[in-house]
Structure formats: structure tokens, C-alpha cells
Amino acid sequence: PPLGIMGLDRRRGKSDTQQIIMSVDIPNHDGSIHFLETLHALAGRIAGTELPEDEEVKIRGKIADRLPTLDVAGHVPKYTAAHYHAALYVQAAVRGFLARYEMRNKLATQNSPRQSFTPSRRNSGLHEH
């Protein structure tokens, strides 16, 4: 289908989905995206060009009652699905880095020579074994 990735293997489908998300402007409404806005963005991607402004206004007017409300000032949300996806990607990379760093420290602690100190009977000082 022209709007999706049906029929592609899982790995290729995931990378194609990521590319599609990053290439379209789908408004993110506090963690949610709206079906009609998504459909409109995907159709525009397939068309390869943006609609003229007067056509855009006409279409938005026809579906305005079914679209999510805009913010208090009447503006489109500041962030898109691409921003959200990019933030998740960075978050996963940071978590992976921190997990590897923590594991490296644990392994270094486990592999370092252990030193134990016990009191010496002769001079009651500490003596290394």
C-alpha cells in the first residue's frame, strides 16, 4: 500500500517506519497523534508536494470539528511525532550507555585483586594479606 509498509520483513519495516515518521510533520498532542492528521501527512508525503494554502484551509475547515483542539493561543502543537521519536531514540542510547558504564564498573570491581585487612596480634596495626 502506498501509505504504509505492509508486506515488508520486520527489520526493513521498522527502519522504513522510522524514515517515514522523520519525514512527515504529524503534530504531537501531549503524546497522542490524531488519525486524520496522520493520514493527511502520509497522503502529502505520497503526493510529493504540499497543497496550495487555499486548498489546505478548505480541507482543514471541512475536518476541523474532528481534529484535536489547538493550544490556548490557537497554535499547532510545538512538537511532532518525529521529535517524539527522536527523543525516544536518544533516551534509549543514553540508557544503553549508562547500563554499559555501570556493568563495566561492576566487572572492574569483581576482577580487581581483593585486599583484606585484619588486625595483627603483634602490634595491633592493620596487616595486608
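The lining of the largest pocket comprises 14 nonpolar, 7 polar and 8 charged residues, where Ala, Val, Leu, Ile, Met, Phe, Trp, Tyr, Cys and Pro count as nonpolar, Asp, Glu, Lys and Arg as charged, and the others, Gly among them, as polar. The model is predicted, and local features require pLDDT of at least 70, side-chain atom pairs pLDDT 80 or more, whereas totals for chains, interfaces and linings use all residues. Residues are numbered from 1 along each chain, and side-chain values use heavy atoms, without hydrogens and water.

The volume of the largest pocket is about 780 Å³. A pocket is an open set of points on a 1 Å grid over the protein atoms alone where a 1.4 Å probe fits, with protein on both sides within 12 Å along at least five of seven lines; lining residues have an atom within 4 Å of a point. Of the 29 lining residues, Asp-25, His-40, Ala-41, Glu-56 and Arg-60 are the closest to the pocket centre. Helix H2 gives the largest share of the lining, 7 residues.

Helix H2 spans residues 35–47, helices being DSSP runs of H or I with at least four residues. Within H2, Leu-36, Glu-37, Thr-38, Ala-41 and Leu-42 are buried, that is, under 20% relative accessible area with a 1.4 Å probe, protein chains only. These buried residues pack against helix H1 (10–23) and H3. Thr-38 counts as buried because its relative accessibility is 16%. Beyond its neighbours within four places in sequence, Thr-38 contacts Ile-26 and Ile-33 (heavy atoms within 4.5 Å). Just after H2, Gly-48 adopts a positive phi of about 80°.

Notes
Helix = DSSP H or I, 4+ residues; strand = E, 2+ residues; numbered from the N terminus. Buried < 20%, exposed > 50% of the residue type's maximum accessible area, 1.4 Å probe, protein only. Points joined across faces, edges and corners; volume = space filled by probe spheres on them.
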